[in-house]
Amino acid sequence: IELRPDIEGRISAILIREGSLVTQGAALFKVDDAELTALVARAEADRDLARQSLARTKDLLEQKASSQSELERAEATARSSEAQLSLLKVRLDRTTVRAPFTGVAGQRMVSLGDYVTTDTRLLALQTVSPQRASFQVPERYAEQLKPGQQVTFRVAALPGKEFAGRVDFIDPVVQLPGRTILAKAEVPNPKRELQAGMFI
């Protein structure tokens, strides 16, 4: 996949080297969060104020010095401030771009200080083990294709070496014009010998 940020801003930290193995959830990039941090602090103050106002309104209502509508308004304000704070915290958390799965970091497309938008490509991330082997089978063999079958194959880049996998996907549609069926197999790749794009 190609990672993109969820938040616009300037890249303030690059926490990964190209070609290195990253684990799921690892922080890869940091977008400048100074403004969002300040907004979160302000939202926390607003929430605290709304909570105090709600508590005061409840006390006044018990003493018959406030109305039910004022209590409802105070409760709505408190809920609204909580929701606003939650939203800002989510946005703040998203200033850190994390690896969605364990894989190898590919080419980095940005540098420190670059301004990025949600369309900016940051980094390519590739799974290594297992790999997916994708191949075409002539339609005349359609009845023989079954999920769970073992498949063995060779790749042009590693002559004489055989790899084995298990079929986990069979396309229900016959591809034209060649009248072939696309099948995919999951292949263990602990030594990282197979690379994406190799010819089977």
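In which kind of crossing does helix 1 pass helix 2? Left-handed. Keep in mind that this is a predicted model. Helix 1 covers residues 34-62, and helix 2 covers residues 68-93. Their axes sit 8 Å apart, at an angle of about 160 degrees. Angles over 145 degrees count as roughly antiparallel, and helix 1 and helix 2 are therefore roughly antiparallel to each other. What lines that contact? The residues there divide into 13 nonpolar, five polar and ten charged.

Next, aromatics. Searching the whole structure turns up one aromatic pair. The partners are Phe153 and Phe163, with ring centres 5.9 Å apart. Their planes are at 25 degrees, so the pair is stacked. Phe153 is in strand 10, residues 150-154, and Phe163 is in strand 11, residues 162-175. So the pair ties together parts that are ten residues apart in sequence. Both Phe153 and Phe163 are buried.

Now the charges. The salt bridge count is nine. One of them joins Arg154 to Glu162, with the closest N and O atoms 3.2 Å apart. Arg154 and Glu162 are both exposed.

Then there is Glu2. Its side chain meets that of Arg4 in a salt bridge, 3.9 Å from N to O. Glu2 also bridges to Arg121, at 3.0 Å between the closest N and O atoms. Arg121 has 38% relative accessibility, so it counts as partly exposed. Shared partners join Glu2, Arg4 and Arg121 into one network.

Technical notes
Residues are numbered from 1 along each chain as its sequence is written. This is a predicted model: local features need pLDDT of at least 70, side-chain atom pairs count only at pLDDT 80 or more; totals for chains, interfaces and linings use all residues. Side-chain values use heavy atoms; hydrogens and water are left out. Axes are lines fitted to C-alpha atoms, for helices over the stretch in contact, and angles run from 0 to 180 degrees between N-to-C directions. Helices (H or I, at least four residues) and strands (E, at least two) are DSSP runs, numbered from the N terminus. Angles under 35 degrees count as roughly parallel, over 145 as roughly antiparallel, 65 to 115 as roughly perpendicular and the rest as oblique. A crossing is left-handed if the near helix is turned anticlockwise from the far one by less than a right angle, and right-handed if clockwise. Ala, Val, Leu, Ile, Met, Phe, Trp, Tyr, Cys and Pro count as nonpolar, Asp, Glu, Lys and Arg as charged, and the others, Gly among them, as polar. Rings of Phe, Tyr and Trp (its six-membered ring) pair if their centres lie within 6.5 Å; planes under 30 degrees apart count as stacked, over 60 as edge-to-face and the rest as tilted. Buried means under 20% relative accessible area, exposed over 50%, partly exposed in between (1.4 Å probe, protein chains only). A salt bridge is a side-chain nitrogen of Lys or Arg within 4 Å of a carboxyl oxygen of Asp or Glu.
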